[in-house]
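Please open the structure in the viewer and keep the selection panel at hand.

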Amino acid sequence: EYLGAWRDVLPHEASGINTNPEERKGPRLHSNSVLKASMPSLKSALRYTYTYDKTNHKLTPTEGAYVRCSTELAGLGGDVAFAKLEGCGRIHVPLNEHVSVGVGCFGGLLATVSGRDSGVPFFGVPSMINDRFFHRGFRDLRIRGLTAFGPTDDGDAIGGDAYFTLGGSLSFTPPVEVMEKNNIRFHIFANTGNLQLLSDGEGDLPSRVKKLISKEEIKSSVGIGLIAPSPVGRIEINVVTPVLAQSEVGLTCDIRWAVDSDFS
(Lines give C-alpha, C1' and ligand atoms only; values in the text may rest on other atoms or scores of the structure.)
Protein backbone atom coordinates (compact mmCIF):
# COMPACT_ATOMS: atom_id res chain seq x y z
CA GLU A 1 0.00 0.00 0.00
CA TYR A 2 1.38 3.41 -0.98
CA LEU A 3 0.75 6.42 1.27
CA GLY A 4 1.33 9.95 0.04
CA ALA A 5 0.20 12.90 2.13
CA TRP A 6 0.93 16.57 2.67
CA ARG A 7 0.45 17.39 6.36
CA ASP A 8 0.42 20.59 8.36
CA VAL A 9 -0.03 21.58 12.00
CA LEU A 10 -1.19 25.09 12.88
CA PRO A 11 -0.27 27.60 14.13
CA HIS A 12 3.32 27.57 12.87
CA GLU A 13 6.25 28.53 15.05
CA ALA A 14 6.97 31.21 12.43
CA SER A 15 3.51 32.74 12.96
CA GLY A 16 4.87 35.20 15.51
CA ILE A 17 4.06 33.22 18.68
CA ASN A 18 7.03 33.28 21.04
CA THR A 19 8.16 29.76 22.00
CA ASN A 20 10.58 30.95 24.69
CA PRO A 21 8.94 29.97 28.00
CA GLU A 22 10.69 32.82 29.85
CA GLU A 23 9.44 35.48 27.43
CA ARG A 24 5.93 34.28 26.64
CA LYS A 25 3.17 36.23 28.39
CA GLY A 26 -0.58 35.88 28.61
CA PRO A 27 -2.68 32.72 28.27
CA ARG A 28 -1.11 29.70 26.58
CA LEU A 29 -3.20 28.12 23.84
CA HIS A 30 -0.41 25.78 22.70
CA SER A 31 2.62 24.27 24.41
CA ASN A 32 6.16 24.97 23.22
CA SER A 33 6.55 21.36 22.05
CA VAL A 34 3.49 21.62 19.80
CA LEU A 35 4.58 25.00 18.40
CA LYS A 36 8.09 23.81 17.64
CA ALA A 37 6.72 20.72 15.88
CA SER A 38 4.18 22.71 13.86
CA MET A 39 5.31 22.80 10.25
CA PRO A 40 4.19 21.45 6.87
CA SER A 41 5.63 18.12 5.72
CA LEU A 42 5.27 15.72 2.81
CA LYS A 43 5.14 11.99 3.57
CA SER A 44 5.76 9.35 0.90
CA ALA A 45 5.66 5.82 2.29
CA LEU A 46 4.95 2.15 1.69
CA ARG A 47 2.92 0.17 4.22
CA TYR A 48 2.21 -3.55 4.53
CA THR A 49 -0.32 -5.04 6.97
CA TYR A 50 -0.74 -8.74 7.80
CA THR A 51 -3.87 -9.93 9.64
CA TYR A 52 -4.66 -13.37 11.08
CA ASP A 53 -8.14 -13.73 12.58
CA LYS A 54 -9.50 -17.00 13.95
CA THR A 55 -11.83 -15.53 16.58
CA ASN A 56 -15.49 -16.54 16.72
CA HIS A 57 -16.66 -12.89 16.73
CA LYS A 58 -14.87 -9.76 15.55
CA LEU A 59 -16.10 -7.45 18.32
CA THR A 60 -17.05 -9.64 21.32
CA PRO A 61 -14.95 -12.79 20.89
CA THR A 62 -14.98 -15.62 23.40
CA GLU A 63 -12.70 -18.08 21.58
CA GLY A 64 -9.79 -17.97 19.12
CA ALA A 65 -6.75 -15.86 18.29
CA TYR A 66 -6.13 -12.60 16.47
CA VAL A 67 -2.82 -11.15 15.19
CA ARG A 68 -2.14 -7.98 13.19
CA CYS A 69 1.27 -6.59 12.16
CA SER A 70 1.96 -3.41 10.20
CA THR A 71 5.21 -2.07 8.72
CA GLU A 72 5.55 1.41 7.24
CA LEU A 73 8.67 2.80 5.54
CA ALA A 74 8.76 6.53 4.75
CA GLY A 75 11.46 8.35 2.80
CA LEU A 76 10.68 7.38 -0.79
CA GLY A 77 10.57 11.06 -1.67
CA GLY A 78 8.97 13.60 0.62
CA ASP A 79 10.78 15.24 3.53
CA VAL A 80 10.31 12.71 6.35
CA ALA A 81 12.14 9.39 6.72
CA PHE A 82 11.27 6.74 9.28
CA ALA A 83 10.47 3.09 9.89
CA LYS A 84 7.25 2.44 11.82
CA LEU A 85 6.32 -0.96 13.20
CA GLU A 86 3.10 -1.79 15.03
CA GLY A 87 1.49 -5.03 16.08
CA CYS A 88 -1.17 -6.55 18.29
CA GLY A 89 -2.31 -9.97 19.41
CA ARG A 90 -5.22 -11.44 21.38
CA ILE A 91 -6.14 -14.90 22.65
CA HIS A 92 -9.60 -15.82 23.97
CA VAL A 93 -10.30 -19.04 25.84
CA PRO A 94 -13.81 -20.13 26.90
CA LEU A 95 -14.11 -21.55 30.43
CA ASN A 96 -17.70 -22.68 29.94
CA GLU A 97 -20.76 -21.73 27.91
CA HIS A 98 -21.05 -18.27 29.48
CA VAL A 99 -17.56 -17.33 30.73
CA SER A 100 -14.39 -16.55 28.75
CA VAL A 101 -10.87 -15.30 29.53
CA GLY A 102 -8.93 -13.06 27.15
CA VAL A 103 -5.43 -11.58 27.08
CA GLY A 104 -4.07 -9.09 24.57
CA CYS A 105 -1.12 -6.86 23.78
CA PHE A 106 -0.27 -3.92 21.54
CA GLY A 107 3.13 -2.44 20.70
CA GLY A 108 4.69 0.05 18.35
CA LEU A 109 8.04 1.61 17.43
CA LEU A 110 8.75 4.71 15.34
CA ALA A 111 12.42 5.03 14.35
CA THR A 112 13.40 8.22 12.55
CA VAL A 113 16.17 7.85 9.96
CA SER A 114 19.05 10.29 10.42
CA GLY A 115 21.22 11.84 7.73
CA ARG A 116 24.43 10.19 6.61
CA ASP A 117 26.57 12.79 8.39
CA SER A 118 24.84 12.48 11.76
CA GLY A 119 26.77 9.37 12.87
CA VAL A 120 23.55 7.87 14.29
CA PRO A 121 21.41 5.87 11.83
CA PHE A 122 18.19 5.99 13.89
CA PHE A 123 16.60 8.35 16.42
CA GLY A 124 19.14 11.06 15.57
CA VAL A 125 16.44 13.55 14.56
CA PRO A 126 13.13 14.27 16.33
CA SER A 127 10.02 12.57 14.99
CA MET A 128 7.16 14.60 13.53
CA ILE A 129 4.26 14.99 15.94
CA ASN A 130 1.78 13.72 13.34
CA ASP A 131 3.76 10.46 12.88
CA ARG A 132 3.86 9.57 16.58
CA PHE A 133 1.69 7.19 18.59
CA PHE A 134 -1.06 8.58 20.83
CA HIS A 135 -3.41 7.18 23.44
CA ARG A 136 -6.30 5.29 21.86
CA GLY A 137 -9.35 4.11 23.75
CA PHE A 138 -9.77 0.39 24.38
CA ARG A 139 -6.24 -0.36 23.13
CA ASP A 140 -4.65 1.34 26.06
CA LEU A 141 -5.86 2.10 29.58
CA ARG A 142 -9.56 2.88 29.06
CA ILE A 143 -9.03 6.13 30.99
CA ARG A 144 -9.84 9.74 30.21
CA GLY A 145 -8.12 11.87 27.61
CA LEU A 146 -4.94 11.91 25.55
CA THR A 147 -2.87 13.23 28.46
CA ALA A 148 -3.66 10.13 30.54
CA PHE A 149 -1.09 8.10 28.61
CA GLY A 150 2.28 9.31 27.35
CA PRO A 151 4.44 12.46 27.27
CA THR A 152 2.84 15.85 27.78
CA ASP A 153 3.94 19.48 27.70
CA ASP A 154 1.95 22.24 29.38
CA GLY A 155 -1.21 20.14 29.21
CA ASP A 156 -0.78 19.07 25.57
CA ALA A 157 -0.32 15.42 24.61
CA ILE A 158 2.73 15.30 22.32
CA GLY A 159 2.77 11.58 21.50
CA GLY A 160 5.59 9.06 21.62
CA ASP A 161 7.93 6.96 19.49
CA ALA A 162 7.42 3.66 21.32
CA TYR A 163 4.61 2.13 23.33
CA PHE A 164 3.32 -1.13 24.71
CA THR A 165 0.08 -2.16 26.39
CA LEU A 166 -1.03 -5.40 28.01
CA GLY A 167 -4.59 -6.30 28.89
CA GLY A 168 -6.54 -9.13 30.44
CA SER A 169 -10.25 -9.64 30.94
CA LEU A 170 -12.83 -12.06 32.25
CA SER A 171 -16.09 -11.73 30.31
CA PHE A 172 -19.43 -13.39 30.93
CA THR A 173 -22.99 -13.38 29.65
CA PRO A 174 -25.80 -13.69 32.20
CA PRO A 175 -28.47 -16.26 31.30
CA VAL A 176 -30.67 -13.55 29.76
CA GLU A 177 -32.04 -14.35 26.32
CA VAL A 178 -31.73 -10.86 24.81
CA MET A 179 -28.08 -10.58 25.92
CA GLU A 180 -27.17 -14.05 24.65
CA LYS A 181 -28.77 -13.46 21.24
CA ASN A 182 -27.02 -10.10 20.75
CA ASN A 183 -23.56 -11.07 22.16
CA ILE A 184 -23.86 -8.50 24.97
CA ARG A 185 -21.48 -9.33 27.81
CA PHE A 186 -20.12 -7.98 31.09
CA HIS A 187 -16.37 -7.93 31.63
CA ILE A 188 -13.83 -7.36 34.40
CA PHE A 189 -10.55 -6.04 33.02
CA ALA A 190 -7.05 -4.81 33.83
CA ASN A 191 -4.70 -2.86 31.54
CA THR A 192 -1.14 -1.63 31.81
CA GLY A 193 1.35 0.06 29.49
CA ASN A 194 3.53 3.03 28.66
CA LEU A 195 4.25 5.48 25.84
CA GLN A 196 7.55 7.39 25.54
CA LEU A 197 9.57 9.59 23.20
CA LEU A 198 12.87 8.13 21.98
CA SER A 199 13.93 10.89 19.57
CA ASP A 200 13.56 13.95 21.81
CA GLY A 201 17.30 14.27 22.40
CA GLU A 202 17.00 14.03 26.20
CA GLY A 203 19.55 11.48 27.38
CA ASP A 204 21.03 8.56 25.50
CA LEU A 205 18.90 5.93 23.80
CA PRO A 206 19.39 3.16 26.44
CA SER A 207 18.18 5.49 29.20
CA ARG A 208 15.10 6.42 27.18
CA VAL A 209 14.30 2.74 26.51
CA LYS A 210 14.74 2.05 30.23
CA LYS A 211 12.22 4.80 30.96
CA LEU A 212 9.70 3.05 28.70
CA ILE A 213 9.74 -0.08 30.88
CA SER A 214 10.38 1.66 34.22
CA LYS A 215 7.96 0.70 37.00
CA GLU A 216 7.66 4.36 37.97
CA GLU A 217 6.54 5.33 34.45
CA ILE A 218 4.14 2.49 33.65
CA LYS A 219 0.43 3.26 34.06
CA SER A 220 -2.28 0.75 34.90
CA SER A 221 -6.03 0.62 35.33
CA VAL A 222 -8.75 -1.81 36.39
CA GLY A 223 -12.49 -1.78 35.95
CA ILE A 224 -15.76 -3.46 35.13
CA GLY A 225 -18.19 -2.76 32.32
CA LEU A 226 -20.61 -3.76 29.61
CA ILE A 227 -19.57 -4.65 26.04
CA ALA A 228 -21.79 -4.97 22.98
CA PRO A 229 -21.25 -5.22 19.22
CA SER A 230 -22.74 -2.64 16.87
CA PRO A 231 -22.56 -1.78 13.14
CA VAL A 232 -20.03 0.99 13.90
CA GLY A 233 -17.78 -1.01 16.25
CA ARG A 234 -17.53 -2.41 19.76
CA ILE A 235 -19.40 -0.38 22.39
CA GLU A 236 -18.01 -0.32 25.93
CA ILE A 237 -19.47 1.36 29.00
CA ASN A 238 -17.00 0.99 31.88
CA VAL A 239 -16.39 2.02 35.44
CA VAL A 240 -12.58 2.34 35.53
CA THR A 241 -9.95 3.57 37.96
CA PRO A 242 -6.21 4.23 37.39
CA VAL A 243 -3.83 2.20 39.56
CA LEU A 244 -0.46 3.63 38.53
CA ALA A 245 -0.94 6.83 36.56
CA GLN A 246 0.39 10.30 35.95
CA SER A 247 -0.62 12.98 38.41
CA GLU A 248 -3.05 14.56 35.94
CA VAL A 249 -5.25 11.46 36.06
CA GLY A 250 -5.66 10.99 39.80
CA LEU A 251 -6.82 7.87 41.64
CA THR A 252 -10.56 8.27 41.10
CA CYS A 253 -13.25 6.10 39.56
CA ASP A 254 -14.60 7.26 36.24
CA ILE A 255 -17.44 6.17 33.97
CA ARG A 256 -16.21 5.95 30.39
CA TRP A 257 -17.88 4.90 27.17
CA ALA A 258 -16.52 4.64 23.65
CA VAL A 259 -16.90 2.89 20.30
CA ASP A 260 -13.88 1.32 18.58
CA SER A 261 -12.81 -1.70 16.57
CA ASP A 262 -9.51 -2.16 18.45
CA PHE A 263 -9.55 -3.52 22.00
CA SER A 264 -7.46 -5.56 24.42
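Begin by selecting E1, which counts as exposed because its relative accessibility is 56%, where exposed means over 50%. The model on display is a predicted one.

E1 and R47 form a salt bridge, and their closest N and O atoms are 3.3 Å apart. E1 belongs to the segment before strand 1 (2-7), while R47 is in strand 2 (residues 41-53), so the pair ties together parts that are 46 residues apart in sequence. R47 itself is partly exposed, with a relative accessible area of 29%. This bridge is one of eight salt bridges that the structure holds.

Next, clear the view and select R142 together with E236. Their side chains meet in a salt bridge at 2.9 Å, taken from N to O. R142 is found in the loop between strand 5 (99-112) and strand 6 (152-153), and E236 in strand 11 (residues 233-244), so this pair ties together parts that are 94 residues apart in sequence. Is R142 buried or exposed? R142 is buried, as its relative accessible area is 4%. E236 likewise counts as buried, at 0% relative accessibility.

R234 lies over the face of F263, 4.0 Å from the ring centre. For another charge placed over a ring, select K84 and F133. The charged end of K84 sits over the ring of F133, at 4.8 Å from its centre. On the subject of rings, the structure also holds two aromatic pairs.

The last stop is K211, whose place is in helix 3 (residues 205-212). K211 counts as partly exposed, at 39% relative accessibility. Which residues does K211 touch, not counting those up to four places away in sequence? With that exclusion, K211 touches N194, Q196 and E217. To finish, display the C-alpha atoms of K211 and N194: these residues are 17 residues apart along the chain, and the two atoms are separated by 9.2 Å.

Terms used: Residues numbered from 1 in each chain as written. Predicted model: local features only at pLDDT ≥ 70, side-chain atom pairs only at ≥ 80, totals over all residues. Heavy atoms only, no water. Phe/Tyr/Trp six-rings, centres within 6.5 Å; stacked < 30°, edge-to-face > 60°. Lys NZ or Arg CZ within 6 Å of the ring centre and 35° of its normal. Salt bridge = Lys/Arg side-chain N within 4 Å of Asp/Glu carboxyl O. Helix = DSSP H or I, 4+ residues; strand = E, 2+ residues; numbered from the N terminus. Buried < 20%, exposed > 50% of the residue type's maximum accessible area, 1.4 Å probe, protein only. Contact = heavy atoms within 4.5 Å.
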